[in-house]
Amino acid sequence: MSSAPAPRYGFRTAGYRNRSLQEAFESLAGVGYRGVEICLEHPEARPETMTVASAETVASLARDAGLEVASVSYHADAEPEEPRSENQLRAVGLTRPLGAEVLILN
């Protein structure tokens, strides 16, 4: 009889805007999460300031904490249309360097 793999749970970084991403990753891993959605609304992950190199660093921080980057998201509902559209395009280019294959846009 084979047993099914244990489910892996993840959490979004949206709830950690007042903490560094490293602190968020360590906190999430510490309570048992194994995946993370990196929200580009976080002050350290804003698409207009994040580079490919800084995205790769963020991905490394998540991996070092024991987390798999399940997805990247950019909602930015309150942002004006033009910068929001530009940031959505930037988010496309940051998704793989952040370690994800899934991008959620709103």
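Which residues of α1 are buried? The legends below take this up view by view.

The model is predicted: local features need pLDDT of at least 70, side-chain atom pairs count only at pLDDT 80 or more, and totals for chains, interfaces and linings use all residues. Residues are numbered from 1 along each chain as its sequence is written, and side-chain values use heavy atoms, with hydrogens and water left out.

**View 1. The buried residues of helix α1.**
The buried residues of α1 are Leu21, Ala24, Phe25, Leu28 and Ala29. Buried means under 20% relative accessible area, exposed over 50%, and partly exposed in between (1.4 Å probe, protein chains only). Helices (H or I, at least four residues) and strands (E, at least two) are DSSP runs, numbered from the N terminus. Seen down the axis of α1, its buried residues fall within an arc of 125°, so they line one face of the helix. The arc is that of the directions from the helix axis to the C-beta atoms. These buried residues pack against β1, β2 and α2. Contact here means heavy atoms within 4.5 Å. After α1 comes Gly32, with a positive phi near 105°.

**View 2. The open parallel sheet.**
Four strands make up an open sheet, in the order β1-β2-β3-β4, with parallel pairing. Two strands pair if DSSP finds at least two bridges between them. At the edges are β1 (10–12) and β4 (103–105), each pairing on one side only. From one strand to the next the twist averages 20°. Axes for such angles are lines fitted to C-alpha atoms, for helices over the stretch in contact, and angles run from 0 to 180 degrees between N-to-C directions. Strands of a sheet pair through backbone hydrogen bonds, either parallel or antiparallel.

**View 3. Strand β2 and its two partners.**
Three bridges join β1 and β2 in the parallel sense. Arg12 has Glu37 of β2 as its bridge partner. On the β3 side, β2 (residues 35–39) pairs in the parallel sense with β3 (residues 68–74) over five bridges. There, Cys39 has Ser73 as its bridge partner in β3. In a regular strand the side chains alternate between the two faces of the sheet. Both faces of β2 are covered. Gly35, Glu37 and Cys39 are buried on one side, Val36 and Ile38 on the other. Five of the five residues of β2 are buried.

**View 4. The aromatic cluster of Phe11, Tyr16 and Tyr33.**
Ring pairs link Phe11, Tyr16 and Tyr33 into a cluster. Rings of Phe, Tyr and Trp (its six-membered ring) pair if their centres lie within 6.5 Å; planes under 30 degrees apart count as stacked, over 60 as edge-to-face and the rest as tilted. Two aromatic pairs are counted by this rule. Phe11 and Tyr16 form an edge-to-face pair, because their ring centres are 6.3 Å apart and their planes stand at 85°. Phe11 and Tyr33 form a tilted pair, 5.4 Å centre to centre with 50° between the planes. Phe11 lies in β1 and Tyr33 in the loop between α1 (21–30) and β2, so this pair ties together parts that are 22 residues apart in sequence. Tyr16 is buried, at 13% relative accessibility. Phe11 is partly exposed at 35%, and Tyr33 is partly exposed at 25%.

**View 5. His42 in its loop.**
His42 lies in the loop between β2 and α2 (52–64). The residue is buried, with a relative accessible area of 2%. Its side chain reaches the backbone oxygen of Tyr16 at 3.1 Å. Not counting residues up to four places away in sequence, His42 touches Thr13, Tyr16, Arg17, Arg19, Ser20 and Leu21.

**View 6. Arg46 and its contacts.**
Arg46 also lies in the loop between β2 and α2. Arg46 is buried, with a relative accessible area of 16%. Its side chain makes a polar contact with the side chain of Glu48 (3.2 Å). A polar contact is a pair of N or O atoms within 3.5 Å; within protein, one must be able to donate a hydrogen and the other to accept it, and residues adjacent in sequence count only if both atoms are side-chain atoms. Beyond residues up to four places away in sequence, Arg46 touches Leu40, Glu41, Tyr74, Glu79 and Asn87.

**View 7. Leu67 between α2 and β3.**
Leu67 is found in the loop between α2 and β3. Leu67 is buried, with a relative accessible area of 3%. The C-alpha atoms of Leu67 and Leu28 are separated by 8.3 Å, while the two residues are 39 residues apart along the chain. Leaving aside neighbours within four places in sequence, Leu67 is in contact with residues including Phe25, Leu28, Ala29 and Tyr33.
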